[in-house]
Amino acid sequence: MHPLPGLRHVHRSIGVVCAAVLLAACSSSGDGGSSDEKAEPEASATPAMVNTSGLKLPLDAYDATEEETRALQEGQGVLVSRCMEGFGFRYSLPARPTSSATRHPNARIFGVVDPEDAARYGYSAPGDDSAPGRTSQQLTPSEELALNGAPDLKPPDMPNSQAEAEKKGGGKERINGKAVPVGGCGREAFLKLYAPEPNAVDAMYVFNLKAQAESRAREDSRTKAVNKHWSDCMARSGHTATDPMNATTELGIADDALASPAAITAAKADVGCKKEVNLVGVYFAVQSAYQNRLIDKNAETLDLAKKQLTDRLKLAASLISAP
């Protein structure tokens, strides 16, 4: 889960036992040293795993939890509402839908893994159908301008910190004699919470490191080996697929048929094969290794990001509790 965007159209955008052969593969090291970015990092251990509910990866320690993310979103909403009130408008950010599927952020990080979920929901996530949709307020042109700023703004025109925004002053547009912040109230709220000073770590920094680790892990020889064993297992069940993270596409299951009888049958086989080859354990070990390498490489920035997250949460708490 990530910060609400502070750019134009914010109200529409707002709304993330091991088989011996596999154990040997995951225990082997292709790492010639942490300084060699092309080498495969050593995975210190490969646990036998079948469940990802509550799973924690190394970079999660630097990221907001689901509860913290909700607090940040609520705090940002307070800032937007206050800014809009300054122009004489009443505005609240649309409520974000809640789903039981989001209670554990890493529950589907390696695809469907729970046999009960597979038997009941197939490849769909529990709660997908029950989550209420987000509704947006109908805005007048003046409200739209106050919320999002001038319609012709480009990213280079946006201030990168609240300190920069205050130094430059507002934009050329005015409502009731008051200058509209560059990027509107949405951008101002984002900057006040996520980038008050120029040294703020990018709000997407940890997410981007996670994505980098996942990308490298997918190309790792140990991941490819366990994928092959999973694929062979699926073939024995009459299913042709080579990539566990792209199973529905390879199996020809449409997005509107993720809970169909055919999808349930395939998902049950998928989960059984993941357990048979210890795919979750291998994926966890390999991805953790790449994340740990990135933590070592970016320790100083990550420590700063963690401190700024703490400061951000304190600000959000004060905003939420204010009368």
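The points below are grouped by topic.

This is a predicted model, in which local features need pLDDT of at least 70 and side-chain atom pairs count only at pLDDT 80 or more, while totals for chains, interfaces and linings use all residues. Residues are numbered from 1 along each chain as its sequence is written, and side-chain values use heavy atoms, with hydrogens and water left out.

**Whole chain**
- The protein chain has 13 helices and 2 strands, taken as DSSP runs numbered from the N terminus (helices H or I, at least four residues; strands E, at least two).
- Of its 323 residues, 44% count as buried, meaning under 20% relative accessible area with a 1.4 Å probe, protein chains only.
- The chain exposes about 16,700 Å², of which carbon and sulfur atoms supply 52%, by the Shrake-Rupley method with a 1.4 Å probe.

**Helices H9 and H12**
- The axes of H9 (residues 221–236) and H12 (residues 279–297) come within 10 Å and cross at roughly 170°, the axes being lines fitted to C-alpha atoms over the stretch in contact, with angles from 0 to 180 degrees between N-to-C directions.
- That makes H9 roughly antiparallel to H12, a term for angles over 145 degrees.
- Arg222, Thr223, Val226, Asn227 and Trp230 of H9 make the contact with Leu279, Val282, Tyr283 and Val286 of H12, where contact means heavy atoms within 4.5 Å.

**Glu188**
- Glu188 lies in helix H7 (residues 184–194) and is buried, with a relative accessible area of 18%.
- Leaving aside residues up to four places away in sequence, Glu188 touches Cys83, Gln162 and Pro181.

How values were computed
Angles under 35 degrees count as roughly parallel, over 145 as roughly antiparallel, 65 to 115 as roughly perpendicular and the rest as oblique. Buried means under 20% relative accessible area, exposed over 50%, partly exposed in between (1.4 Å probe, protein chains only).
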